[in-house]
Amino acid sequence: EEMRLLHDALDELSPSYREVVALRDLEELSTREVAEQLGLSRVNVRVRLHRARTALREQLQPRLDAAYRVAA
């Protein structure tokens, strides 16, 4: 269930955020590798990744809270 919530939240991210999260967190590429692949500076990758993770957290928190309330 949690994985479904994660995938749904990832799908709702903007393409540029989803792309950087996928490369950095799911494929475990380095910041340098992500920057090279996307044609961005390493600073830009870090900023975009921070914003993407924040957006993902904001989307997931209420969904996880609701899922745990139902399960309890």
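This report describes the fold, the helix contacts and the core of a predicted model.

## Overall architecture

The chain contains four helices and zero strands. Followed along the sequence, these elements give the pattern α-α-α-α. The C-alpha trace extends over about 45 × 20 × 15 Å along its principal axes.

Of the 72 residues in the chain, 25% are buried. The accessible surface amounts to about 5,000 Å², and carbon and sulfur atoms account for 50% of that area. Among contacts with a sequence separation of 6 or more, 57% join residues 24 or more positions apart.

## Helix H2 against helix H4

Helix H2 covers residues 15-26 and helix H4 covers residues 42-71; the two pack at an angle of about 100 degrees, and their axes lie 9 Å apart. Because angles of 65 to 115 degrees count as roughly perpendicular, H2 is described as roughly perpendicular to H4.

On the H2 side, the contact involves Ser16, Tyr17, Val20, Val21, Arg24 and Asp25. Their partners in H4 are Val45, Arg48, Leu49, Arg51, Ala52 and Arg53. By residue class, this contact of H2 with H4 comprises six nonpolar, one polar and five charged residues.

## Helix H3 against helix H4

Helix H3, residues 31-38, also meets H4: their axes come within 8 Å and cross at roughly 100 degrees. H3 and H4 are therefore roughly perpendicular to each other as well. H3 contributes Thr31, Arg32, Val34 and Ala35 to the contact, while H4 contributes Arg42, Val45 and Arg46. Three of the residues in this contact of H3 with H4 are nonpolar, one is polar and three are charged.

Setting aside residues up to four places away in sequence, Arg42 touches Thr31, Arg32 and Ala35. Arg42 and Arg32 are ten residues apart in sequence, and their C-alpha atoms are 6.0 Å apart in space.

In soluble globular proteins, nonpolar side chains tend to be buried together. In this chain, the largest nonpolar core has 16 residues, of which Leu13, Val20, Val21, Val34 and Leu56 touch the most other members. Helix H1 (2-12), H2, H3 and H4 each provide at least two residues of this core. The greatest contribution to this core comes from H4, with six residues.

Val21 belongs both to this core and to the contact between H2 and H4. Apart from its neighbours within four places in sequence, Val21 is in contact with Leu10, Leu13, Leu26, Leu49 and Ala52.

The buried residues of H2 are Val20, Val21 and Leu23. The cover over these buried residues of H2 includes H1, H3 and H4.

Just after H2 comes Glu28, which adopts a positive phi of about 60 degrees.

Note on methods:
Residues are numbered from 1 along each chain as its sequence is written. This is a predicted model: local features need pLDDT of at least 70, side-chain atom pairs count only at pLDDT 80 or more; totals for chains, interfaces and linings use all residues. Side-chain values use heavy atoms; hydrogens and water are left out. Axes are lines fitted to C-alpha atoms, for helices over the stretch in contact, and angles run from 0 to 180 degrees between N-to-C directions. Angles under 35 degrees count as roughly parallel, over 145 as roughly antiparallel, 65 to 115 as roughly perpendicular and the rest as oblique. Contact means heavy atoms within 4.5 Å. Ala, Val, Leu, Ile, Met, Phe, Trp, Tyr, Cys and Pro count as nonpolar, Asp, Glu, Lys and Arg as charged, and the others, Gly among them, as polar. Buried means under 20% relative accessible area, exposed over 50%, partly exposed in between (1.4 Å probe, protein chains only). Accessible areas come from the Shrake-Rupley method with a 1.4 Å probe; for residues, only the protein chains shown count as cover. A nonpolar core is a set of buried Ala, Val, Leu, Ile, Met, Phe, Trp, Tyr and Cys residues joined through side-chain atoms within 4.5 Å.
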